[in-house]
Amino acid sequence: MNSAAEIWKRVLKLMENELTSTTLNTWFDDAEAVSLDENTFVLYTPSNFKRDIIVSRYLPNIQNALRELFSADFDVKVLGEGEKDSFQKNEDEFLPGTEEYTFDKFVVGSSNKFAYSAARSVADEPAKSYNPLFIYGESGLGKTHLLYAIAHSIHDKFPSYRIVYIKGDAFTNELIAAIREGRNQEFREKFRDADVFLMDDVQFIAGRESTQEEMFHTFNALYEAGHQIVFTADRPPKEMLRLDDRLRTRFEWGLPVDVQPPDYETRMAIIKNKAIRRGMNLPDPVLRYIADNITANVRQIEGTVNKLLAFQELMGEDVDVDTVSRAVRDMFKDKTEFLPSAADIIEETAKFYNIEPQDIRGQYRSKDTVLARQIAMYEIRRMTNLSLKEIGREFDGRDHSTVMHSIERIEKMTKQSPEMAEIIKDINANINARYE
(Lines give C-alpha, C1' and ligand atoms only; values in the text may rest on other atoms or scores of the structure.)
Protein backbone atom coordinates (compact mmCIF):
# COMPACT_ATOMS: atom_id res chain seq x y z
CA MET A 1 0.00 0.00 0.00
CA ASN A 2 1.23 3.46 -0.84
CA SER A 3 0.10 6.58 1.01
CA ALA A 4 0.06 10.00 -0.65
CA ALA A 5 3.19 10.92 1.35
CA GLU A 6 5.05 7.88 0.05
CA ILE A 7 4.02 8.66 -3.53
CA TRP A 8 5.20 12.24 -3.09
CA LYS A 9 8.67 11.02 -2.08
CA ARG A 10 8.85 8.96 -5.24
CA VAL A 11 7.63 11.91 -7.33
CA LEU A 12 10.38 14.12 -5.89
CA LYS A 13 12.95 11.43 -6.69
CA LEU A 14 11.80 11.26 -10.31
CA MET A 15 11.77 15.05 -10.58
CA GLU A 16 15.49 15.06 -9.74
CA ASN A 17 16.04 13.96 -13.34
CA GLU A 18 14.42 17.15 -14.64
CA LEU A 19 15.02 19.82 -11.98
CA THR A 20 18.09 20.94 -10.05
CA SER A 21 18.42 20.31 -6.34
CA THR A 22 18.30 24.09 -5.79
CA THR A 23 14.95 24.32 -7.56
CA LEU A 24 13.55 21.40 -5.62
CA ASN A 25 14.75 22.75 -2.27
CA THR A 26 13.52 26.26 -3.03
CA TRP A 27 9.99 25.46 -4.14
CA PHE A 28 9.20 22.02 -2.65
CA ASP A 29 11.05 21.91 0.70
CA ASP A 30 7.85 22.34 2.75
CA ALA A 31 5.38 20.88 0.24
CA GLU A 32 3.16 18.16 1.69
CA ALA A 33 1.01 15.55 -0.02
CA VAL A 34 -2.62 15.78 1.12
CA SER A 35 -4.43 13.08 -0.82
CA LEU A 36 -4.29 10.80 -3.82
CA ASP A 37 -7.36 9.21 -5.35
CA GLU A 38 -8.08 7.54 -8.66
CA ASN A 39 -7.32 10.60 -10.79
CA THR A 40 -6.31 13.54 -8.59
CA PHE A 41 -3.18 14.30 -6.57
CA VAL A 42 -3.47 17.12 -4.00
CA LEU A 43 -0.38 18.96 -2.77
CA TYR A 44 -0.11 21.61 -0.07
CA THR A 45 2.42 24.37 0.54
CA PRO A 46 1.99 26.95 3.32
CA SER A 47 3.03 29.82 1.01
CA ASN A 48 0.64 31.23 -1.57
CA PHE A 49 3.64 32.58 -3.49
CA LYS A 50 5.16 29.10 -3.72
CA ARG A 51 1.78 27.68 -4.68
CA ASP A 52 1.51 30.09 -7.61
CA ILE A 53 5.06 29.31 -8.79
CA ILE A 54 4.50 25.56 -8.59
CA VAL A 55 1.24 25.85 -10.54
CA SER A 56 2.70 28.13 -13.23
CA ARG A 57 6.08 26.39 -13.70
CA TYR A 58 6.24 22.89 -12.30
CA LEU A 59 2.83 21.28 -12.65
CA PRO A 60 3.91 19.40 -15.83
CA ASN A 61 6.90 17.94 -13.96
CA ILE A 62 4.67 16.56 -11.20
CA GLN A 63 2.22 15.16 -13.74
CA ASN A 64 5.02 13.53 -15.74
CA ALA A 65 6.35 11.82 -12.61
CA LEU A 66 2.88 10.56 -11.66
CA ARG A 67 2.39 9.27 -15.20
CA GLU A 68 5.68 7.39 -14.97
CA LEU A 69 4.66 5.82 -11.66
CA PHE A 70 1.10 4.84 -12.57
CA SER A 71 1.01 4.80 -16.37
CA ALA A 72 -2.01 7.09 -16.13
CA ASP A 73 -2.72 10.83 -16.24
CA PHE A 74 -3.51 12.66 -12.99
CA ASP A 75 -4.93 16.08 -12.25
CA VAL A 76 -2.75 17.96 -9.76
CA LYS A 77 -4.28 20.43 -7.31
CA VAL A 78 -1.99 22.66 -5.23
CA LEU A 79 -3.33 24.21 -2.01
CA GLY A 80 -1.91 27.34 -0.42
CA GLU A 81 -2.12 29.12 2.92
CA GLY A 82 -5.28 28.29 4.87
CA GLU A 83 -6.66 26.03 2.14
CA LYS A 84 -5.65 22.65 3.56
CA ASP A 85 -8.16 22.52 6.44
CA SER A 86 -11.07 23.76 4.34
CA PHE A 87 -10.21 21.24 1.61
CA GLN A 88 -10.24 18.35 4.06
CA LYS A 89 -13.53 19.52 5.59
CA ASN A 90 -15.13 19.71 2.17
CA GLU A 91 -14.08 16.22 1.14
CA ASP A 92 -16.90 13.69 0.83
CA GLU A 93 -18.01 12.45 4.24
CA PHE A 94 -16.47 9.10 5.06
CA LEU A 95 -18.93 6.33 5.97
CA PRO A 96 -21.68 8.78 6.98
CA GLY A 97 -23.72 7.77 10.00
CA THR A 98 -20.92 5.70 11.53
CA GLU A 99 -18.98 8.50 13.20
CA GLU A 100 -19.79 7.14 16.68
CA TYR A 101 -18.13 3.80 15.94
CA THR A 102 -14.54 4.56 16.90
CA PHE A 103 -12.00 2.81 19.12
CA ASP A 104 -12.25 5.42 21.89
CA LYS A 105 -15.99 4.76 22.18
CA PHE A 106 -15.64 0.97 22.31
CA VAL A 107 -15.88 -0.36 25.86
CA VAL A 108 -13.20 -3.01 26.37
CA GLY A 109 -13.71 -5.95 28.73
CA SER A 110 -12.54 -9.52 29.15
CA SER A 111 -15.11 -10.70 26.57
CA ASN A 112 -13.76 -8.57 23.72
CA LYS A 113 -10.22 -7.52 24.68
CA PHE A 114 -8.47 -9.88 22.26
CA ALA A 115 -10.64 -8.82 19.31
CA TYR A 116 -10.18 -5.14 20.23
CA SER A 117 -6.38 -5.48 20.42
CA ALA A 118 -6.25 -7.28 17.08
CA ALA A 119 -8.42 -4.61 15.47
CA ARG A 120 -6.18 -1.83 16.84
CA SER A 121 -3.11 -3.61 15.52
CA VAL A 122 -4.63 -3.85 12.04
CA ALA A 123 -5.68 -0.19 12.11
CA ASP A 124 -2.21 0.95 13.20
CA GLU A 125 -0.36 -1.07 10.57
CA PRO A 126 -2.68 -2.30 7.82
CA ALA A 127 -1.64 -5.62 6.23
CA LYS A 128 1.44 -5.82 8.47
CA SER A 129 0.11 -8.00 11.27
CA TYR A 130 -3.09 -10.01 10.77
CA ASN A 131 -4.40 -10.48 7.25
CA PRO A 132 -7.15 -11.35 7.02
CA LEU A 133 -8.58 -10.46 10.41
CA PHE A 134 -11.74 -12.49 11.01
CA ILE A 135 -13.98 -11.29 13.87
CA TYR A 136 -16.89 -13.55 14.80
CA GLY A 137 -19.59 -13.73 17.46
CA GLU A 138 -23.34 -13.48 17.98
CA SER A 139 -25.35 -10.46 16.89
CA GLY A 140 -25.10 -7.25 18.90
CA LEU A 141 -21.71 -7.82 20.54
CA GLY A 142 -19.72 -5.08 18.80
CA LYS A 143 -18.28 -6.73 15.68
CA THR A 144 -19.57 -4.01 13.36
CA HIS A 145 -18.36 -1.34 15.79
CA LEU A 146 -14.82 -2.74 15.53
CA LEU A 147 -15.08 -2.92 11.74
CA TYR A 148 -16.06 0.74 11.48
CA ALA A 149 -13.43 1.69 14.07
CA ILE A 150 -10.75 0.10 11.88
CA ALA A 151 -12.07 2.01 8.88
CA HIS A 152 -12.13 5.39 10.65
CA SER A 153 -8.70 4.91 12.23
CA ILE A 154 -7.06 3.98 8.92
CA HIS A 155 -8.88 6.84 7.16
CA ASP A 156 -7.47 9.30 9.71
CA LYS A 157 -3.92 7.93 9.58
CA PHE A 158 -3.77 7.21 5.85
CA PRO A 159 -6.25 9.57 4.15
CA SER A 160 -5.20 8.47 0.67
CA TYR A 161 -6.05 4.80 1.27
CA ARG A 162 -9.08 3.56 -0.59
CA ILE A 163 -11.33 1.88 1.99
CA VAL A 164 -14.27 -0.26 0.87
CA TYR A 165 -16.95 -1.44 3.32
CA ILE A 166 -19.79 -3.76 2.31
CA LYS A 167 -22.12 -6.31 3.85
CA GLY A 168 -22.10 -9.88 2.62
CA ASP A 169 -25.61 -9.83 1.14
CA ALA A 170 -24.96 -6.46 -0.52
CA PHE A 171 -21.88 -7.94 -2.22
CA THR A 172 -24.13 -10.60 -3.76
CA ASN A 173 -26.72 -8.03 -4.84
CA GLU A 174 -24.09 -5.79 -6.45
CA LEU A 175 -22.61 -8.77 -8.28
CA ILE A 176 -26.03 -9.75 -9.66
CA ALA A 177 -26.67 -6.18 -10.82
CA ALA A 178 -23.21 -5.96 -12.41
CA ILE A 179 -23.76 -9.19 -14.35
CA ARG A 180 -27.21 -8.09 -15.46
CA GLU A 181 -25.98 -4.66 -16.61
CA GLY A 182 -22.69 -5.82 -18.09
CA ARG A 183 -20.54 -3.98 -15.51
CA ASN A 184 -18.39 -6.93 -14.42
CA GLN A 185 -15.10 -5.10 -14.84
CA GLU A 186 -16.34 -2.06 -12.91
CA PHE A 187 -17.52 -4.33 -10.10
CA ARG A 188 -14.15 -6.09 -9.88
CA GLU A 189 -12.15 -2.88 -9.90
CA LYS A 190 -14.27 -1.43 -7.09
CA PHE A 191 -13.32 -4.22 -4.70
CA ARG A 192 -9.99 -5.54 -5.98
CA ASP A 193 -8.39 -2.08 -6.11
CA ALA A 194 -9.21 -1.32 -2.47
CA ASP A 195 -6.35 -0.69 -0.05
CA VAL A 196 -8.58 -1.87 2.79
CA PHE A 197 -11.49 -4.26 2.20
CA LEU A 198 -14.05 -4.68 5.01
CA MET A 199 -16.95 -7.12 4.77
CA ASP A 200 -19.63 -7.37 7.46
CA ASP A 201 -21.66 -10.59 7.83
CA VAL A 202 -19.56 -12.60 5.40
CA GLN A 203 -21.58 -15.71 6.31
CA PHE A 204 -24.24 -14.58 3.83
CA ILE A 205 -22.04 -15.35 0.81
CA ALA A 206 -21.85 -19.05 1.81
CA GLY A 207 -23.71 -21.37 -0.52
CA ARG A 208 -23.89 -18.80 -3.32
CA GLU A 209 -21.77 -20.23 -6.11
CA SER A 210 -21.15 -17.13 -8.24
CA THR A 211 -20.62 -14.90 -5.19
CA GLN A 212 -18.08 -17.29 -3.68
CA GLU A 213 -16.24 -17.54 -7.00
CA GLU A 214 -16.03 -13.74 -7.20
CA MET A 215 -14.95 -13.50 -3.54
CA PHE A 216 -12.22 -16.09 -4.14
CA HIS A 217 -10.64 -14.00 -6.89
CA THR A 218 -11.22 -10.73 -5.00
CA PHE A 219 -9.54 -12.16 -1.91
CA ASN A 220 -6.56 -13.41 -3.94
CA ALA A 221 -6.11 -10.07 -5.70
CA LEU A 222 -6.21 -8.11 -2.44
CA TYR A 223 -4.00 -10.52 -0.51
CA GLU A 224 -1.34 -10.77 -3.22
CA ALA A 225 -1.25 -6.97 -3.49
CA GLY A 226 -0.58 -6.74 0.26
CA HIS A 227 -3.88 -5.00 1.05
CA GLN A 228 -5.74 -5.39 4.33
CA ILE A 229 -8.82 -7.63 4.54
CA VAL A 230 -11.21 -7.76 7.52
CA PHE A 231 -14.33 -9.91 7.86
CA THR A 232 -17.03 -10.23 10.49
CA ALA A 233 -19.42 -13.16 10.84
CA ASP A 234 -21.76 -14.76 13.35
CA ARG A 235 -19.63 -17.95 13.41
CA PRO A 236 -16.03 -19.03 12.73
CA PRO A 237 -15.09 -20.17 9.19
CA LYS A 238 -14.97 -23.84 10.19
CA GLU A 239 -18.67 -23.72 11.13
CA MET A 240 -19.76 -22.25 7.77
CA LEU A 241 -20.79 -25.56 6.30
CA ARG A 242 -21.89 -24.13 2.95
CA LEU A 243 -18.67 -22.17 2.44
CA ASP A 244 -16.26 -23.36 -0.27
CA ASP A 245 -13.27 -25.13 1.24
CA ARG A 246 -10.82 -22.87 -0.59
CA LEU A 247 -12.50 -19.76 0.90
CA ARG A 248 -12.66 -21.32 4.36
CA THR A 249 -8.93 -21.97 4.20
CA ARG A 250 -8.20 -18.40 3.16
CA PHE A 251 -10.42 -16.91 5.85
CA GLU A 252 -8.31 -18.79 8.40
CA TRP A 253 -4.95 -17.65 6.98
CA GLY A 254 -4.74 -14.64 9.26
CA LEU A 255 -6.26 -14.36 12.72
CA PRO A 256 -9.79 -15.50 13.70
CA VAL A 257 -10.91 -13.79 16.94
CA ASP A 258 -14.22 -14.12 18.75
CA VAL A 259 -16.33 -11.64 20.67
CA GLN A 260 -18.30 -13.03 23.62
CA PRO A 261 -21.31 -11.56 25.47
CA PRO A 262 -20.14 -8.92 27.98
CA ASP A 263 -19.69 -9.98 31.61
CA TYR A 264 -21.30 -8.07 34.46
CA GLU A 265 -18.43 -5.60 34.92
CA THR A 266 -18.27 -4.85 31.21
CA ARG A 267 -22.05 -4.36 31.06
CA MET A 268 -21.81 -1.86 33.93
CA ALA A 269 -19.04 0.01 32.09
CA ILE A 270 -21.02 0.03 28.84
CA ILE A 271 -24.14 1.37 30.55
CA LYS A 272 -22.18 4.16 32.26
CA ASN A 273 -20.42 5.02 29.00
CA LYS A 274 -23.64 5.16 26.96
CA ALA A 275 -25.47 7.16 29.61
CA ILE A 276 -22.71 9.74 30.05
CA ARG A 277 -22.47 10.26 26.29
CA ARG A 278 -26.18 11.04 26.28
CA GLY A 279 -25.95 13.43 29.20
CA MET A 280 -27.47 11.11 31.82
CA ASN A 281 -26.14 10.37 35.28
CA LEU A 282 -27.69 7.07 36.32
CA PRO A 283 -27.72 6.13 40.03
CA ASP A 284 -25.91 2.91 41.00
CA PRO A 285 -29.14 0.96 41.74
CA VAL A 286 -30.34 1.75 38.22
CA LEU A 287 -27.01 0.70 36.71
CA ARG A 288 -27.11 -2.58 38.63
CA TYR A 289 -30.72 -3.24 37.65
CA ILE A 290 -29.97 -2.82 33.94
CA ALA A 291 -26.75 -4.85 34.15
CA ASP A 292 -28.62 -7.68 35.92
CA ASN A 293 -31.52 -7.77 33.47
CA ILE A 294 -30.07 -6.83 30.06
CA THR A 295 -27.49 -9.53 29.48
CA ALA A 296 -27.90 -10.58 25.85
CA ASN A 297 -25.85 -8.02 23.94
CA VAL A 298 -24.51 -4.50 23.67
CA ARG A 299 -27.24 -3.42 21.27
CA GLN A 300 -29.93 -4.17 23.86
CA ILE A 301 -28.00 -2.20 26.47
CA GLU A 302 -27.78 0.79 24.14
CA GLY A 303 -31.48 0.48 23.36
CA THR A 304 -32.25 0.49 27.07
CA VAL A 305 -30.33 3.71 27.68
CA ASN A 306 -32.01 5.34 24.68
CA LYS A 307 -35.43 4.37 26.04
CA LEU A 308 -34.55 5.80 29.43
CA LEU A 309 -33.47 9.08 27.89
CA ALA A 310 -36.67 9.34 25.84
CA PHE A 311 -38.78 8.40 28.87
CA GLN A 312 -37.06 11.05 30.99
CA GLU A 313 -37.50 13.74 28.36
CA LEU A 314 -41.15 12.91 27.67
CA MET A 315 -42.30 12.20 31.22
CA GLY A 316 -40.00 14.57 33.08
CA GLU A 317 -39.41 12.00 35.81
CA ASP A 318 -36.26 11.13 37.71
CA VAL A 319 -34.72 7.86 36.60
CA ASP A 320 -35.06 5.23 39.31
CA VAL A 321 -35.45 1.45 39.25
CA ASP A 322 -39.23 1.72 38.90
CA THR A 323 -38.84 4.09 35.94
CA VAL A 324 -36.37 1.71 34.31
CA SER A 325 -38.72 -1.21 34.79
CA ARG A 326 -41.60 0.65 33.14
CA ALA A 327 -39.50 2.18 30.37
CA VAL A 328 -37.96 -1.05 29.17
CA ARG A 329 -40.65 -3.55 30.12
CA ASP A 330 -40.99 -4.74 26.53
CA MET A 331 -37.33 -5.76 26.49
CA PHE A 332 -38.01 -8.41 29.08
CA LYS A 333 -40.87 -10.02 27.18
CA ASP A 334 -40.64 -13.69 26.44
CA LYS A 335 -39.37 -14.39 22.95
CA THR A 336 -42.59 -16.23 22.16
CA GLU A 337 -44.27 -12.82 22.03
CA PHE A 338 -42.09 -11.84 19.07
CA LEU A 339 -44.28 -12.41 16.01
CA PRO A 340 -42.94 -11.33 12.62
CA SER A 341 -45.43 -10.98 9.80
CA ALA A 342 -45.86 -13.56 7.06
CA ALA A 343 -44.97 -10.86 4.51
CA ASP A 344 -41.63 -10.18 6.23
CA ILE A 345 -40.78 -13.87 6.36
CA ILE A 346 -41.60 -14.31 2.66
CA GLU A 347 -39.59 -11.22 1.77
CA GLU A 348 -36.50 -12.33 3.69
CA THR A 349 -36.69 -15.85 2.27
CA ALA A 350 -36.99 -14.44 -1.24
CA LYS A 351 -34.05 -12.13 -0.63
CA PHE A 352 -31.93 -15.04 0.58
CA TYR A 353 -32.55 -16.90 -2.69
CA ASN A 354 -32.41 -13.77 -4.87
CA ILE A 355 -35.91 -14.24 -6.21
CA GLU A 356 -39.04 -12.08 -6.09
CA PRO A 357 -41.57 -12.47 -3.23
CA GLN A 358 -44.40 -12.77 -5.75
CA ASP A 359 -42.68 -15.80 -7.28
CA ILE A 360 -42.69 -17.51 -3.88
CA ARG A 361 -46.34 -16.67 -3.36
CA GLY A 362 -47.30 -17.71 -6.89
CA GLN A 363 -47.08 -20.78 -9.12
CA TYR A 364 -43.50 -20.49 -10.38
CA ARG A 365 -41.85 -23.92 -10.08
CA SER A 366 -38.10 -23.60 -10.54
CA LYS A 367 -36.09 -25.71 -8.07
CA ASP A 368 -34.95 -22.73 -5.95
CA THR A 369 -38.42 -21.16 -5.95
CA VAL A 370 -40.12 -24.35 -4.78
CA LEU A 371 -37.56 -24.81 -1.99
CA ALA A 372 -37.84 -21.15 -0.95
CA ARG A 373 -41.65 -21.45 -0.89
CA GLN A 374 -41.48 -24.50 1.35
CA ILE A 375 -38.97 -22.82 3.67
CA ALA A 376 -41.19 -19.74 3.90
CA MET A 377 -44.16 -21.92 4.87
CA TYR A 378 -42.04 -23.71 7.46
CA GLU A 379 -40.78 -20.41 8.93
CA ILE A 380 -44.27 -18.89 9.05
CA ARG A 381 -45.56 -21.94 10.90
CA ARG A 382 -42.69 -21.72 13.42
CA MET A 383 -42.59 -17.97 13.91
CA THR A 384 -46.26 -16.93 13.79
CA ASN A 385 -49.63 -18.09 15.14
CA LEU A 386 -51.16 -18.59 11.69
CA SER A 387 -53.03 -21.82 11.01
CA LEU A 388 -52.21 -24.08 8.06
CA LYS A 389 -55.23 -22.71 6.21
CA GLU A 390 -54.17 -19.10 6.87
CA ILE A 391 -50.64 -19.88 5.70
CA GLY A 392 -52.05 -21.36 2.50
CA ARG A 393 -53.86 -18.09 1.78
CA GLU A 394 -50.48 -16.30 1.75
CA PHE A 395 -49.44 -18.55 -1.17
CA ASP A 396 -52.19 -18.09 -3.76
CA GLY A 397 -54.68 -20.03 -1.66
CA ARG A 398 -52.85 -23.35 -1.49
CA ASP A 399 -54.68 -25.95 0.60
CA HIS A 400 -53.58 -26.97 4.08
CA SER A 401 -52.31 -30.39 2.94
CA THR A 402 -49.80 -28.72 0.59
CA VAL A 403 -48.64 -26.49 3.42
CA MET A 404 -48.30 -29.47 5.77
CA HIS A 405 -46.28 -31.42 3.18
CA SER A 406 -43.90 -28.45 2.76
CA ILE A 407 -43.41 -28.04 6.49
CA GLU A 408 -42.76 -31.75 7.01
CA ARG A 409 -40.24 -31.80 4.16
CA ILE A 410 -38.24 -28.87 5.56
CA GLU A 411 -38.38 -30.32 9.09
CA LYS A 412 -36.93 -33.58 7.76
CA MET A 413 -34.25 -31.79 5.72
CA THR A 414 -33.25 -29.66 8.71
CA LYS A 415 -32.72 -32.76 10.86
CA GLN A 416 -30.81 -34.68 8.20
CA SER A 417 -28.81 -31.88 6.55
CA PRO A 418 -26.51 -29.54 8.54
CA GLU A 419 -26.47 -27.35 5.42
CA MET A 420 -30.25 -26.87 5.53
CA ALA A 421 -30.06 -26.17 9.27
CA GLU A 422 -27.53 -23.44 8.49
CA ILE A 423 -29.79 -21.95 5.81
CA ILE A 424 -32.68 -21.80 8.29
CA LYS A 425 -30.38 -20.15 10.84
CA ASP A 426 -29.33 -17.47 8.34
CA ILE A 427 -32.90 -16.71 7.28
CA ASN A 428 -33.97 -16.54 10.94
CA ALA A 429 -31.17 -14.06 11.63
CA ASN A 430 -32.33 -11.83 8.78
CA ILE A 431 -35.96 -11.96 9.93
CA ASN A 432 -35.03 -11.14 13.54
CA ALA A 433 -32.77 -8.29 12.41
CA ARG A 434 -35.81 -6.49 11.00
CA TYR A 435 -37.24 -6.19 14.53
CA GLU A 436 -34.12 -5.21 16.47
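A charge sits over a ring if NZ of Lys or CZ of Arg is within 6 Å of the ring centre and within 35 degrees of the ring normal. Arg 208 meets this with its charged end over the ring of Phe 352, 4.7 Å from the centre. Arg 246 lies over the face of Phe 216.

| Charged residue | Ring | Distance to ring centre |
|---|---|---|
| Arg 208 | Phe 352 | 4.7 Å |
| Arg 246 | Phe 216 | 3.9 Å |

This is a predicted model: local features need pLDDT of at least 70, side-chain atom pairs count only at pLDDT 80 or more, and totals for chains, interfaces and linings use all residues. Residues are numbered from 1 along each chain as its sequence is written, and side-chain values use heavy atoms, without hydrogens and water.

**Aromatic pairs**

The structure holds 23 aromatic pairs. Rings of Phe, Tyr and Trp (its six-membered ring) pair if their centres lie within 6.5 Å; planes under 30 degrees apart count as stacked, over 60 as edge-to-face and the rest as tilted. Tyr 223 and Trp 253 are tilted, because their ring planes stand at 50 degrees, with the centres 5.0 Å apart. This pair links distant parts of the chain, 30 residues apart. Tyr 223 belongs to helix H9 (residues 209-224), while Trp 253 is in the loop between helix H10 (245-251) and strand E8. Helices (H or I, at least four residues) and strands (E, at least two) are DSSP runs, numbered from the N terminus.

Tyr 223 is partly exposed at 35% relative accessible area. Trp 253 is also partly exposed, at 41%. Buried means under 20% relative accessible area, exposed over 50%, and partly exposed in between (1.4 Å probe, protein chains only). Ring pairs join both residues into a cluster that includes Phe 134, Phe 197 and Phe 251.

**The E1-E2-E3 sheet**

Three strands form an open, mixed sheet in the order E1-E2-E3. E1 (32-36) and E3 (75-79) are the edges; each has a single partner strand, so one side of each lacks a neighbour in the sheet. Neighbouring strands are turned by 25 degrees against each other on average, direction ignored. Two strands pair if DSSP finds at least two bridges between them. E1 and E2 (residues 40-44) run antiparallel and are joined by four bridges. Ser 35 stands opposite Val 42 there. E2 and E3 pair in the parallel sense over five bridges. Tyr 44 has Leu 79 as its bridge partner in E3.

E2 is largely enclosed by the rest of the structure, because five of its five residues are buried. Thr 40, Val 42 and Tyr 44 cover one side, and Phe 41 and Leu 43 the other.

**Nonpolar cores**

A nonpolar core is a set of buried Ala, Val, Leu, Ile, Met, Phe, Trp, Tyr and Cys residues joined through side-chain atoms within 4.5 Å. The largest has 29 residues, and Leu 133 and Ile 150 have the most contacts inside it. Helix H5 (113-124), strand E4 (133-136), helix H6 (143-157), strand E6 (196-200) and strand E8 (255-258) each supply at least two of its residues. H6 gives the largest share, seven residues. Contact means heavy atoms within 4.5 Å. Leaving aside neighbours within four places in sequence, Ile 150 is in contact with residues including Phe 103, Leu 133, Leu 198 and Val 230. A second, separate core of 27 residues includes Ala 342, Ile 345, Ile 410 and Ile 431.

Conventions
Axes fitted to C-alpha atoms, helices over the stretch in contact; angles between N-to-C directions.
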